[in-house]
Amino acid sequence: MIKVAVLDDYQDAFRQIVELEKYNDQYEFKIFNIPFKDEKEAAVELENFEALFIMRERTPITKSLIENLPNLKYLMTSGMRNKAINLDAAKSRNILVCGTEINPNPTAELAWALILGLARNIKQEVDNMFQGYWQTSIGLELKGKMLGLIGLGKIGTQMATIAKAFGMQVSAWSENLDLTHANKIGVLPMTKEDLLSNSDFIPIHVVLGERYKNLITSKEFKLMKKSAFLINTSRGPIINEKDLIKALEDESIAGAGLDVYDKEPLP
């Protein structure tokens with residue numbers, strides 16, 4: 001019987017997706033719905049497991065943690081990239097590491113939910129209705145507005161397609177922007193500075209790495225319109241969180257739609 005730990009399943013979704021009963025004769029699953037306090041707790045809880053199923057970068061699989069898991073033979077992560085895994089340490093122990101296919105649809109859908117929520121003040125208006133108020137703000141029309149995409153990969157391309165259905169103008173920037181692809185789908189390539197200065201909505205769809213860490217700081221917020229909205233469904237550290245909070249407090253930008261943070265779950 002192989003012991004398998006499923007980590008950071010906050011929504012208790014694993015048992016809804018996988019019919020665990022089918023595998024009872026081969027695997028012994030334990031699902032962890034609450035994050036570990038620290039690495040020491042993770043090492044104690046995971047010591048006897050041979051396989052770990054992990055979610056994104058929620059629990060860092062560090063060299064020291066791997067060294068404290070003597071039975072570990074297999075690591076599987078959601079998606080094909082996970083910066084939280086020390087691959088060298090896994091390789092030195094002959095631990096097999098693999099990932100799953102990536103579905104871009106949910107991220108693009110969530111990004112548009114955030115954009116529409118901001119444009120139409122949905123949370124504010126719902127909260128106000130519960131307090132007895134009625135129609136306290138005016139929504140923002142998307143048609144004619146500029147969507148400035150940071151990243152034009154699978155998700156960025158899907159974002160561009162939907163933006164055009166709303167009648168928006170679409171521009172894009174990234175350090176490795178494919179100009180041929182941008183031209184093919186009718187997206188205007190821009191420099192980073194021009195995109196930030198001219199866009200009304202700025203969704204981020206790049207992969208976190210050293211070149212994109214702290215991509216958006218106080219310097220970039222100064223370039224944005226006061227009416228601009230920043231959307232991040234990628235990874236928290238792409239935006240400097242302290243600078244974002246200050247920009248919102250100072251009303252340097254109109255708002256932000258976030259699905260990711262520097263530390264998750266939020267303290």
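Over how many bridges do β4 and β5 pair in the parallel sense? The count is four, with strand β4 spanning residues 74–77. Strands here are DSSP runs of E with at least two residues, numbered from the N terminus. Two strands pair if DSSP finds at least two bridges between them. The model is predicted, so local features need pLDDT of at least 70 and side-chain atom pairs count only at pLDDT 80 or more, while totals for chains, interfaces and linings use all residues. Residues are numbered from 1 along each chain as its sequence is written, and side-chain values use heavy atoms, without hydrogens and water.

The sheet is open and holds five strands. Their order is β2-β1-β3-β4-β5, and the pairing is parallel. The edges are formed by β2 (27–31) and β5 (96–99), each of which pairs on one side only. On average, neighbouring strands are turned by 15° against each other, direction ignored. Here, axes are lines fitted to C-alpha atoms, and angles run from 0 to 180 degrees between N-to-C directions.

Individual bridges link the strands. Strand β1 (residues 2–6) runs parallel to β3 and is joined to β3 by three bridges. There, V6 stands opposite F53 of β3. Four bridges join β3 to β4, again in parallel. L52 has L75 in β4 as its bridge partner. Further along the sheet order, T77 has G99 of β5 as its bridge partner.

Strand β3 covers residues 51–54. In a regular strand the side chains alternate between the two faces of the sheet. In β3, both faces are covered.

Note on methods: Buried means under 20% relative accessible area, exposed over 50%, partly exposed in between (1.4 Å probe, protein chains only).
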